[in-house]
Amino acid sequence: MTRRVCLAVLALLVSAGMVFAAGAPEDAEPDSLTVWSAAAEDEADALVAAFRAQYPEISVDVIRAGSGELLTRLRAEQPNPSGDVLLGIAKEAFDANYDLFTGYVAAYHDDIPEELRDQAAVPRYYGFSMPLQAFMINTELLDEQDYPRRWVDLIDERYAGELILANPALSGSAYAQIYMMHGLYGFDFLGEIARQATFVASSTAVPESVARGEYAIGVTGEGNIARYMEEGAPVTYVYPEDGTGRRFDASGIIDGGPNPEAAELFMDFLTSEDAYQIIRETRSRRVVHPGFPGPGPLPALEEITFFAYDAEEAAAMRDDLTDRFSELIE
Amino acid sequence: MDERGLQKESRIERLLQKDWTPYLIFAVPLLFLALFLFWPLGITVLRAFSGPGFDVDLSNLGLDNFERFMTSGLYQRSLRNSFVVSASAVVFATLIGLPMGYCVARVKMPFKNLFLSIGILPVIMPSFIGAFSWVILLGRQGVIRLFLNRLFVPLGIVIPSIYGVAGIIFAMSLTYFPFVFLLSYGAFSAANPMLEEAAMMMGARRPRIMRSITLPLVIPSIGAGAILVFIRSMGNYGIPAILGGDQYVLPTLIYFRVSGFWDLNSAAAIALVSVIITGGALLLQKYVISRREYETVSSSRSEQHLHTHWLARLVAIVYCTLVLVVAMLPNITIIIMSFFEYWRGALPTGFTLENYARIPQLVSSEIFNSLFLATTASLITAALGCMVAYITERRRPKGAILLDMAVMAPFILPGIVVAVAFLAAFAGDAVIPLGGTYLILLISFVVRRTPYVFRSVVASLTQLDVTLEESSMISGANWLYTFRRVTFPLILSGIIAGTILTFATLLQELSTTILLYSARTRTVPVRIFAMVQDGYFGQGAALSVMLLATVFVVVYVMNRMLGRSISSSFKLG
């Protein structure tokens with residue numbers, strides 16, 4: 001008896017499954033939009049809510065994944081990708097996958113500084129935020145006079161075993177860190193930092209480990225530092241006195257997406273002051289729009305020393321530098 | 001009618017007389033595999049030989065993607081780490097899981113169902129939170145490590161932090177030992193007790209019986225469990241990423257290629273190397289098992305003889321409890337974490353119920369999706385795995401080993417590589433457009449998880465004396481009747497064990513889902529991933545606890561409901 005009931009239930013479930021499964025793929029209604037987001041969940045949700053307040057007739061789906069997964073998916077779904085807009089991935093990633101995006105002059109084009117968007121006349125991406133790389137320090141493990149102040153301080157033997165970084169092969173931000181150190185102090189310096197520091201295979205592990213006190217010093221995006229500071233973790237920031245790179249991440253319209261018109265409306269919105277206000281406030285990000293102060297507890301741009309970051313050179317050297325650096329890690 | 005006509009007629013007659021049912025039934029899974037396995041898999045292999053990048057280029061095949069294994073110290077070290085970690089995990093998982101399987105199967109003890117149901121939970125360490133919970137326990141600021149050091153440092157013993165290869169092996173052994181535990185439990189309770197009784201009557205002592213009768217009888221199942229441990233350890237990315245420091249493994253390298261360089265072809269090449277290593281392990285396992293014959297489940301059965309001595313019972317209960325408590329530490333950590341805002345430093349801070357209160361509004365459709373997909377896929381997997389196992393073990397067609405390897409391949413390949421193979425085959429401008437549907441997730445789940453049922457059933461069939469089926473056929477039963485009434489009941493426990501593993505691991509599947517889901521088909525693990533990424537560990541933990549609870553309840557109910565019918569199905573007539 002029990003067995004028969006079981007079988008009936010199973011049969012029902014399976015047939016229900018088939019009915020669901022046979023449903024058509026997402027149909028391309030004119031009033032919908034699919035945003036692929038590498039930005040945080042609450043951030044994307046807040047942006048979508050504000051966008052829908054302006055365009056209530058457009059329903060918006062958000063697909064969240066890491067930027068590596070989103071770009072892989074985008075490549076695999078060619079020539080009919082199912083997303084319309086890619087939100088918040090590194091500028092370098094846009095450059096390396098330039099053919100997958102389409103150009104559009106957004107409504108607030110003139111408000112965005114030229115160096116913080118695609119420099120083509122019809123840009124394929126606009127800046128989203130500036131994830132400046134900085135030192136994250138655990139204040140319970142280090143006294144203020146012991147903080148590293150410059151990149152070169154990181155190899156001080158006082159910090160042996162106390163230093164955590166993300167492996168440069170993981171992301172554009174992690175690569176930017178070693179590119180900057182290489183530019184400032186040369187390849188031999190990288191050898192010393194490789195010996196001194198732990199280069200982990202998970203970007204999230206860096207801020208989390210420093211906040212927990214597993215390591216005293218991490219190098220990470222400033223937004224992470226701000227978030228942990230706001231949550232009350234015993235951490236603080238140090239911007240290297242020898243400069244950090246002025247990098248940014250961006251958003252752009254996916255070429256061949258199902259809802260190009262809605263995508264353009266969303267790009268207009270993303271470049272508006274309202275959107276940047278949301279980006280700045282939800283996750284304490286430094287936005288590319290001039291006129292906004294530093295987010296949360298972080299200093300304003302004027303107080304930070306910058307390093308002449310050559311994005312083109314960085315991109316050109318990436319494969320080689322990452323490979324050579326990888327051999328130094330043991 | 002002339003002679004040729006007669007001949008033809010008799011040939012048709014013979015064809016009609018032949019029992020075609022098995023072939024018709026076998027055709028379904030084979031067609032499924034051809035469409036959804038061989039095709040995407042073929043593209044992936046081509047990718048590996050196509051040079052770095054994303055394009056599959058038939059005109060320019062070569063070994064470029066494999067070059068790094070010859071030239072790069074990083075690649076060689078990672079390869080060695082992968083191998084050392086997986087092999088060690090197999091050894092330790094067997095050392096932990098085998099005695100436990102024996103205890104639960106052969107010692108009279110209470111709460112057997114509870115042990116069996118909890119025993120599966122370590123396998124479903126929710127991605128990343130699970131690995132982080134080892135850091136919370138045994139990291140430099142880990143609560144257990146600090147506590148133990150307070151006790152032991154005065155004695156001159158310092159417990160090291162968990163980072164490094166040893167830590168990876170430790171975490172993986174405790175995560176994957178349930179494969180050996182559950183499968184060897186099945187075998188210990190299915191093995192024919194009369195053989196042991198016979199040995200005992202002939203005066204053999206217990207250790208000798210153990211060595212020469214009991215253990216050899218369950219070797220196929222230990223082998224099946226061990227190979228699952230090996231494969232899962234080879235493929236695990238989360239534990240090495242969090243606990244490894246800068247000790248990398250092959251999945252780390254794959255992740256680097258995909259995440260940092262969008263270089264899927266090189267990733268496929270690295271994946272292929274791990275497939276080859278695993279293939280070697282699989283062949284070794286097959287060789288060890290096929291060296292002897294296993295005639296164990298036969299027509300006359302008697303009750304399993306249980307140890308009832310109080311000492312044996314005490315040891316068994318203490319041992320099983322101890323193992324489960326240690327292995328469940330990450331899960332316990334997650335449960336505690338789910339009631340707090342943060343867990344930084346030794347103890348968690350900010351008690352709250354908010355993490356649970358927010359679940360309904362955050363993820364109601366995701367919960368439905370997860371349950372629906374995991375259930376449906378598990379059932380399809382049960383049918384498919386069972387039939388393919390039957391075909392390779394009983395029919396032994398030419399190329400059975402290839403079929404075996406092909407079924408195992410998507411299980412060995414990293415989820416992201418399988419997902420891309422599916423997208424390339426069934427999205428974009430594919431002939432069969434499945435992008436964004438439930439079906440693409442369902443099929444990818446089935447293809448990636450079939451090996452649980454497959455391996456488990458293959459082991460059951462190896463243990464099953466073929467004469468039982470032959471005598472049914474000789475007595476005039478057709479194939480279908482024989483399969484239904486003889487084979488199926490005897491391998492049912494194997495099917496159920498495999499299906500439960502499938503269901504439990506599918507509930508937390510992330511690596512394939514993350515590339516294939518659409519807004520409509522989003523699952524719970526996708527949300528957990530987002531929460532962890534965004535730093536909301538408490539919320540992610542609360543959702544993980546829900547998954548753990550679901551698995552526990554389902555497995556517990558299954559064990560209770562089917563427990564009696566499983567054991568009774570062995571008593572023929």
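How far apart do the C-alpha centres of domain 1 of chain A and domain 2 of chain A lie? They lie 27 Å apart.

## Model and confidence

This is a predicted model, in which local features need pLDDT of at least 70 and side-chain atom pairs count only at pLDDT 80 or more, while totals for chains, interfaces and linings use all residues. Residues are numbered from 1 along each chain as its sequence is written, and chains are lettered from A and ligands numbered from 1 in the order in which they are written.

The average pLDDT (the predictor's confidence in each residue, from 0 to 100) of chain A is 86, and 91% of the residues score at least 70. In residues 16–29 of chain A the pLDDT is below 50. Where pLDDT is low, the predicted coordinates should not be read in detail.

## Domains of chain A

Domain 1 covers 32–130 + 248–296 and domain 2 covers 133–245 + 303–326; the bounds come from an automatic or database domain assignment. Contact (C-beta atoms, placed from the backbone, within 7 Å) joins 12 residues of domain 1 of chain A to 10 residues of domain 2 of chain A. On the domain 1 side, helix 4 (residues 91–96) of chain A gives the most, with 5 residues. Helices (H or I, at least four residues) and strands (E, at least two) are DSSP runs, numbered from the N terminus.

## Contact between chains A and B

Chain A puts 56 residues into the contact and chain B 55 residues. Helix 1 of chain A gives the most to the chain A side, with 8 residues.

Key
Two residues are in contact if their C-beta atoms, placed from the backbone, lie within 7 Å.
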